[in-house]
Amino acid sequence: MSAEGAAPANATAAPFLVSKSVELLTGDTWRDRGKLYRLYGVQSCLRGTIALDAKGKELDCGNVSLAHLAALFSTAAVTCQPIASTLDNATFVVCGAKLGANTIDLGTALIASGYAFAATDVKGNAVSGNYLVAEVNAKMKADGLWATKFQHPIELLLRRAGERKQ
């Protein structure tokens, strides 16, 4: 849901390689070399929310999302392109992860595997149609977090936004 309030990034902002010493904050946000970055169009599970696995074991849903972002960062060379600035001084980025001879979109990888979700605007409309398709496919296959019981982060964020307006 993080696309609201975005301002275009500096048109000359060049792609950059994510360092191996990033500080992961959530499954879609990190700090690298003192700057805050957030994947555009991607919403991770919220830290502190619960996912119940098939055996009833409680997992921190946000930590599960974060672990999968960490796995991609640690196993692949990730290059990001800044595209916009957020109200909280983060930079929205789209990123590619080089795995072998292939480069995959980081957002698609996280969402298609079921460990992140398609971000929406405040009206609940998906920011990226491609990410929404990836989410629906992961849900239909019960991949990743879809194999657990959890509260969808978009529902939680939209509810909080509605409560703030009242």
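**Salt bridges, cores and a helix**

Reply: Happy to! Let us start with a pair: the side chains of Arg31 and Glu23 meet in a salt bridge, at 3.4 Å from N to O. A salt bridge here is a side-chain nitrogen of Lys or Arg within 4 Å of a carboxyl oxygen of Asp or Glu. This is a predicted model, where local features need pLDDT of at least 70 and side-chain atom pairs count only at pLDDT 80 or more, while totals for chains, interfaces and linings use all residues. Residues are numbered from 1 along each chain as its sequence is written, and side-chain values use heavy atoms, leaving out hydrogens and water.

Me: How many salt bridges does the structure hold?
Reply: Side chains of opposite charge can pair when their charged atoms come close. Besides the pair above, Lys141 and Asp143 meet at 3.7 Å, N to O. The number of salt bridges in the structure is 4.

Me: Is Asp32 buried or exposed?
Reply: Buried means under 20% relative accessible area, exposed means over 50%, and partly exposed lies in between (1.4 Å probe, protein chains only). Asp32 forms a salt bridge with Arg33, with the closest N and O atoms 3.4 Å apart. Arg33 has 61% relative accessibility and counts as exposed. Asp32 has a relative accessible area of 2%, so Asp32 is buried.

Me: Which residues touch the most other members of the largest nonpolar core?
Reply: A nonpolar core is a set of buried Ala, Val, Leu, Ile, Met, Phe, Trp, Tyr and Cys residues joined through side-chain atoms within 4.5 Å. The largest one has 23 residues, and the ones touching the most other members are Trp30, Leu39 and Leu106.

Me: Which residues does the second core include?
Reply: In soluble globular proteins, nonpolar side chains tend to be buried together. The second core is separate and has 10 residues, including Cys61, Ala138, Leu145 and Phe150.

Me: Which residues of helix 3 are buried?
Reply: On the other side of helix 3, Val133 and Met140 are exposed. The buried residues of helix 3 are Tyr131, Ala134, Glu135 and Ala138.

Definitions and conventions:
Helices (H or I, at least four residues) and strands (E, at least two) are DSSP runs, numbered from the N terminus.
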